[in-house]
Amino acid sequence: MHAVILAGGKGVRLRPYTTALPKPLVPIGDQHAILEIVLRQLSTAGFTHCTIAIGHLGEIIRAYVGDGSQWDLTVDYATEESPLGTMGPLLNLRDRLPEEFLVMNGDILTDLDYADVLRRHRESGAPLTIATYARKVHIDFGVLTTDDSKVVAFTEKPSMDYRVSMGVYGVSRSTLEGYTPGLPLGFDELVLDLIRAQNQPHAYEFDGYWLDIGRPDDYDRANAEFTTRKSLLLKGA
């Protein structure tokens, strides 16, 4: 099983932590970098090969991870000379990838079963599988609905529920055909193209533990909770 980890971003939201460190190497708890946790999880899930797409401060990631043998993985690298978006790095890798593979951001903390995401993707026959998570958004204002300058409805500080992308995807290599290697390709562009073509992606709904470490609030929460969550996130550690 093959995974591609997207680790080329600049981590602007996490400055000053990411001034000297690439975002996937920011520490979680006292002993671990987020990327180390991800690699250990992939190995435990049965993945054997991992490609890390690097860019900003990528040589630090290469020096830290090496060939992946310390986690019983075979790791290679793809370097972005310029930003290519979420899916753009995959276009240059297309010939090196199996027909179905996992793609994930290198800055998420979750107990998601990565192997099950890939298995369900294969079984679905969908061009793309998106792991999704329920997020509740609280609006701290009274919300008005207006019509022709008249207030026709009012809700005081409502909450809205959304299913959001977790940054973990099952991808089929054939889905990338028709896009030009070397040009940027965003996740949003790919999803909208598939919907327009009536070749809808599959949703993998997840309700376990998930934090986006690229968000400062989630990063602070991850560090506060890691001691109590470690056995869940690093099974057998």
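Guide: Here are a few questions and answers about salt bridges.

Guide: This is a predicted model, where local features need pLDDT of at least 70, side-chain atom pairs count only at pLDDT 80 or more, and totals for chains, interfaces and linings use all residues. Residues are numbered from 1 along each chain as its sequence is written, and side-chain values use heavy atoms, leaving out hydrogens and water.

Visitor: How many salt bridges are there?

Guide: A salt bridge here is a side-chain nitrogen of Lys or Arg within 4 Å of a carboxyl oxygen of Asp or Glu. By this rule, the count is 13.

Visitor: Which residue forms a salt bridge with Lys-23?

Guide: The closest N and O atoms of this pair are 2.8 Å apart. Both partners are buried, meaning under 20% relative accessible area, with exposed over 50% and partly exposed in between (1.4 Å probe, protein chains only). The partner of Lys-23 is Asp-107.

Visitor: Is Asp-116 buried or exposed?

Guide: Asp-116 forms a salt bridge with Arg-119, with 2.3 Å between the closest N and O atoms. Asp-116 also meets Arg-120 in a salt bridge at 3.7 Å, N to O. Arg-119 is partly exposed at 39% relative accessible area, and Arg-120 is partly exposed at 31%. Asp-116 has 15% relative accessibility, so Asp-116 counts as buried.

Visitor: Which residues are linked with Asp-116 in a network of salt bridges?

Guide: Arg-119 and Asp-116 both lie in helix α4, residues 114–124 (helices are DSSP runs of H or I, at least four residues, numbered from the N terminus). The network links Asp-116 with Arg-119, Arg-120 and Glu-123.

Technical notes
Helices (H or I, at least four residues) and strands (E, at least two) are DSSP runs, numbered from the N terminus.
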